[in-house]
Structure formats: structure tokens, C-alpha cells
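Visitor: I would like a close look at how one part of this model is packed. Please give residues, distances and angles.

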Amino acid sequence: MAAHLLRRATFGPTKQEIVAFTGLTASQAVEQLIANSTYHSSPPPPVDLDETKPTAGQPFLTFPFNKERRSEWCYYIRYWWAALMADQSKPPSVLEKLTTFWQNHFVVPQGVVFDYRMTDSYMRLLRRNALGNFKTMTFEMTNEAAMLLFQNGNENAKTKPNENYGRELQELFVVGQKDFSGNPNYLEDDVKAAAKVLTGWQVKNYLVEGSTSFEVVFTPDRHDTGVKTFSALYGNRTIQGRTDKSGAEQEIHELIDMLTAHPESPKHICRKLYRWYVNANIDLEIENNVIIPLANLFSSAENGFRIEPVIRKLLSSEIFYDQRNRGAIFKSPMELVIGTLRLFEIKVPNMTADLRAFRIYGKFAYDNMATLQQRILDQPSVFGYVPYYQTGYSKNWINGTAIGLRNQVTDRYIIPYTDQEIRPGYVLWIDLVAWATALQPNFSDVQGTPAITSEFIVDKMIQNFFVFELTQSQKNFLIDSIMMTGVTRNTWINEWNAYRTTPTDVNKKNAVQRRCRLLLRHMFSMAEYHVF
């Protein structure tokens with residue numbers, strides 16, 4: 001139970017975290033993960049990771065806007081977030097995985113906005129609201145600079161309305177395009193009316209060289225002050241136009257109140273959360289027995305669209321732990337890359353004290369996710385990453401090409417490239433010989449202490465590695481056909497003791513390393529490692 005919760009609620013647990021959560025009830029464990037979010041809520045800002053620059057180690061978000069370095073600093077924000085996902089120095093929490101959910105919900109691709117200051121502001125909005133009130137988050141997002149720019153809200157004026165955000169607010173962000181039976185939840189006239197509500201807001205100092213700040217401003221003469229009338233799907237609701245900034249903000253609040261009052265709105269959000277955490281398949285039984293009760297909790301007068309109670313209820317529910325939902329989700333590139341870093345406790349270097357090491361670590365994580373078609377903070381469309389909205393859901397992360405690429409990525413954890421030496425003596429990889437050495441009691445006492453066996457190595461390697469327990473025949477296959485191909489199991493004893501006798505002998509060390517690499521490389525390629 002502990003391992004399942006931690007795999008789904010975080011980007012993958014360390015073995016120590018699984019031990020720490022084992023024995024807790026579902027409610028206790030979830031409560032702990034929610035409480036631990038306070039340790040992650042206000043991370044230090046990203047810094048200049050180029051050790052050759054005079055600004056090295058300083059938070060670049062406080063500098064005047066720099067067009068020449070904006071691409072570099074945009075990447076540093078991605079590395080910063082990847083490191084937050086992989087961080088093992090703080091207790092595990094729901095925050096990073098949930099922030100990622102919201103970032104794929106309220107999508108703003110960094111490659112479109114291309115202003116590192118606004119990406120940071122947008123990310124911090126998501127983090128501080130991830131467990132908070134959905135209506136508050138939606139209101140703040142509506143006038144967030146990055147979202148205004150991405151959805152062309154910056155151009156939305158009464159003389160030339162832009163319908164992009166008014167449409168996505170209904171289709172994707174709040175209400176959903178259709179109900180469970182396929183009936184439309186809104187009309188085109190509702191999109192036009194919403195666009196009028198949203199007129200008049202602009203971003204100041206976007207990409208202005210040397211600017212020390214940016215802000216969202218309201219321009220009264222660009223705002224539509226007329227009455228906005230919505231369809232019968234919204235109860236023929238009207239929103240009265242206002243003339244000043246506070247009035248225009250009130251219009252947005254009324255719009256969000258109207259959208260969230262739509263009976264499909266809470267169900268739309270709860271379905272997405274269910275697919276994210278539990279299973280992509282939602283049939284009528286799940287809709288009636290899980291989604292609707294969860295939506296009622298979400299929208300109840302007591303909770304008022306607070307997210308935390310929904311997460312608590314969902315992650316402690318019987319359906320979450322149901323055996324049919326174990327292994328029902330394919331790991332995204334994020335879950336594969338970050339989860340492997342965490343499982344093998346490949347530590348995140350200190351961001352300010354070890355700039356080069358932190359940069360290489362973040363780049364390693366980002367580049368490998370990008371290789372697998374998940375560029376963080378850069379979804380291909382407003383719908384988010386393709387596997388989270390197409391038929392088949394997370395299965396879309398897997399195809400013939402992706403399998404080969406996944407094997408290439410996991411190979412880098414055990415056969416490192418030269419660019420993975422992040423400082424002298426520290427290579428970003430899984431040192432399997434060191435791992436095995438730590439398992440051996442009285443390592444140097446070759447005559448007096450029996451060698452650890454190939455069976456022992458396999459048992460330790462597979463511990464918490466897969467969702468499902470391997471059968472004895474699977475274990476035998478790993479030992480005899482993978483680790484000890486062509487030789488007897490006793491060969492491992494001889495090779496291991498030879499290494500114990502002379503640990504400085506490179507050839508003897510390599511013989512041991514080769515056996516462990518063959519084992520782990522095959523385990524990484526098994527289908528069981530790519531589901532959770």
C-alpha cells in the first residue's frame with residue numbers, strides 16, 4: 001500500500017520512504033504527504049548556473065530583463081523544477097506531482113511566452129494554489145501574465161474580441177466541452193460572451209530589455225462595458241459590464257462563479273484527477289460511484305472548491321488501492337526519469353554551492369525527458385501532453401520507437417556518458433559495484449564471511465522495483481539467463497570473492513560490474529518497470 005501511494009502521489013519513492021510509510025493507514029499516509037507540502041511550498045529561486053559569469057550563483061529573476069540570456073535562463077528554470085521533482089532532502093509530499101497536474105491543466109508553454117520572469121511567476125502561482133481553492137487559482141490564472149500572452153488575452157479588446165481564453169476557460173479549464181453522455185456543456189455564444197468579460201487586460205514590459213519588472217494592467221477604454229448574456233446552459237445568466245479595474249475584476253469573479261456553478265464543472269475536474277492518480281478508464285459505474293460523489297465533495301458549500309479535501313479523499317479511497325488499478329498507468333517520461341533518480345537515490349547537488357553539478361543534473365533530467373517527448377514546461381498545445389487527452393491516455397507514451405528510446409535513456413543510468421561526470425569523483429549514474437559492496441557483510445573478510453549470492457543480489461535489486469512481485473520462475477530467469485548467462489551461479493561467488501580479495505583490480509571489478517549491469521539493464525527493459 002505504501003509503495004503504491006508513493007508511486008502515484010509523488011514522482012517515485014526511495015526505498016527508505018517506502019519503509020517509513022509502511023504500517024501507516026491510508027488516511028495517515030495521505031495526511032502526512034499533504035502536511036509535508038509545507039516543506040516544498042516556497043523553494044529558493046533559480047540561480048545563474050553558468051560558473052563563468054560574474055552573476056554565477058545569483059538569482060537572475062531579480063536582474064533587469066536580459067534578452068541575450070533569456071533562452072539560457074528559461075532552461076535554468078526547467079532544470080530547477082526537475083531538481084525539485086527529484087529532491088530527496090525533504091520528506092515526500094503531494095506537491096510536485098500535483099503541481100505538474102495543474103501545469104498540464106492550465107497549460108502555458110515556455111517556448112511560446114519565452115520570458116523567464118513570467119514562467120517563474122506562473123509556476124509559483126501553481127505551487128501556492130495546488131492544494132488551495134480552485135476558484136482562486138482560476139481567477140489568478142485568468143490575469144496571469146504568461147497566460148494572457150499565451151492565450152492572446154493581451155490583444156482582447158472590445159473593438160476586436162479574442163475568444164481564445166474565453167473558449168479554453170470553458171472547454172478545458174473549468175467546465176469541460178461535453179458531459180459524460182456527450183452533450184455539449186456550453187455554446188459558441190457563451191464563448192463570445194466570456195471573451196467580452198475578459199477584455200481590457202494587457203501585459204506591461206513584456207520582453208522589454210532592461211525592464212526591472214512586469215505587470216498586468218487594465219485599460220478601461222479596451223474593456224466591453226455592456227451586459228454579457230449567457231445561454232440556458234448557464235441558466236441565462238447575465239454579467240453587468242463595469243468601467244474600472246475593480247469592476248472588471250468583479251466581472252471575472254462572476255464569470256468564474258457562473259462556470260463553477262455549472263453541474264459539469266466539478267465532475268470535469270474530478271475526472272481529470274481520477275485519470276491522473278487512479279486509472280484512465282471511467283465507465284458508468286466509476287462515474288456514478290466515484291466521480292459524482294467526489295464532485296459533490298468538491299463543490300459542497302462546506303468545501304467551496306477547495307482542492308485539498310478532494311486529494312485527501314481520492315488518495316485514501318478503496319478504489320485508489322483496488323488491485324485492478326495497480327499497474328494501470330504507464331509511466332510518463334517524467335515518472336520514468338525522475339522516479340529512477342529517486343529510486344536509486346542519485347542525490348540532487350546543492351544549487352548555490354555546486355553550480356556546475358546542479359546544472360548537469362538538471363540538464364540530464366530535462367534532456368532525457370525531452371528525448372522521450374515530454375519537454376517540461378513546453379507542451380505541444382493548450383490541451384497539454386498528448387497522452388493525457390487522447391484515447392488510450394498514458395498508453396500513448398509507449399510505441400515501438402518510444403521503447404527503444406526508453407532503453408537508451410535507462411542505459412545512461414548504468415553506462416554513463418562523459419558529460420555525466422558532474423565533478424571529479426562524482427558521476428551521475430548508479431554505481432552498482434558500490435551498491436553491492438554495501439550489501440556484503442564484512443566485505444574484506446573473504447575467508448570468514450560467505451559471499452553474497454546471485455540470488456541475494458536479485459532479491460535486493462527487485463525490492464520495490466516493480467509494481468508486482470516477480471514469480472520464482474521470473475527470478476530464476478533473471479539469474480540464469482541474464483545475470484549469469486552461459487555459466488553457473490557459482491561463478492558469481494568466485495568472481496565476487498576475487499573482487500573482495502583485490503578490490504583495486506580493475507578487471508576483477510569490471511567482471512562484477514558487468515554481471516550487475518546485465519541484470520539491471522534487463523530489469524529496466526521489462527514491461528513491469530514501465531507501469532505503476
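**Helix packing and the interior**

Guide: Start with helix 3 and helix 15 (residues 307-315), which pack at an angle of about 145° with their axes 9 Å apart. Axes are lines fitted to C-alpha atoms, for helices over the stretch in contact, and angles run from 0 to 180 degrees between N-to-C directions. The crossing of these two helices is right-handed (the near helix is turned clockwise from the far one by less than a right angle). Val30, Glu31 and Ile34 of helix 3 touch Glu308, Ile311, Arg312 and Leu315 of helix 15, where contact means heavy atoms within 4.5 Å. Helices here are DSSP runs (H or I, at least four residues), as are strands (E, at least two), numbered from the N terminus.

The model is predicted: local features need pLDDT of at least 70, side-chain atom pairs count only at pLDDT 80 or more, and totals for chains, interfaces and linings use all residues. Residues are numbered from 1 along each chain as its sequence is written, and side-chain values use heavy atoms, with hydrogens and water left out.

Follow the chain past helix 3. Asp48 sits in the loop between helix 3 (26-35) and helix 4. Is Asp48 buried or exposed? Asp48 counts as buried because its relative accessibility is 0%, and the limit for buried is under 20% (exposed is over 50%, partly exposed in between; 1.4 Å probe, protein chains only). Its side chain reaches the backbone nitrogen of Asp50 at 3.1 Å. Beyond four places in sequence, Asp48 touches Lys53, Thr55, Ala56, Gly57, Gln58, Phe60, Arg69, Trp73, Tyr76 and Leu355.

Now the core. The largest nonpolar core has 169 residues; such a core joins buried Ala, Val, Leu, Ile, Met, Phe, Trp, Tyr and Cys through side-chain atoms within 4.5 Å. Trp102, Phe134, Leu255, Tyr277 and Leu341 touch the most other members. Helix 4 (residues 70-86) gives the most to this core, with 12 residues. Neighbours within four places aside, Trp102 meets Leu126, Ala130, Phe134, Met137, Ile269 and Ile307.

Gln170 lies in helix 10, and its relative accessible area of 1% makes it buried. Its side chain makes a polar contact with the side chain of Tyr234 at 2.8 Å (N or O atoms within 3.5 Å, one able to donate a hydrogen and the other to accept it; residues adjacent in sequence count only if both atoms are side-chain atoms). Beyond four places, Gln170 also touches residues including Tyr186, Asp190, Val191, Ala194 and Leu259. Gln170 and Ile256 are 86 residues apart in sequence, yet 9.7 Å apart in space, C-alpha to C-alpha.

Move to helix 11 (residues 188-197). Its buried residues are Asp190, Val191, Ala193, Ala194, Ala195 and Val197. The cover over them includes helix 10 (164-173), strand 3 (228-229), strand 4 (238-239) and helix 12 (245-261).

Further along, helix 19 (residues 400-414) and helix 24 (residues 506-525) pack at about 150°, axes 10 Å apart. Asn407, Thr410, Asp411, Tyr413 and Ile414 of helix 19 meet Arg517, Leu520, Arg521, Phe524 and Ser525 of helix 24.

Last, helix 20 (residues 432-439) and helix 21 (residues 454-462): their axes come within 11 Å and cross at roughly 110°. That makes helix 20 roughly perpendicular to helix 21. Leu432, Trp435, Ala436 and Leu439 of helix 20 touch Phe456, Ile457, Lys460 and Met461 of helix 21.

Definitions and conventions. Parallel < 35°, antiparallel > 145°, perpendicular 65-115°, else oblique.
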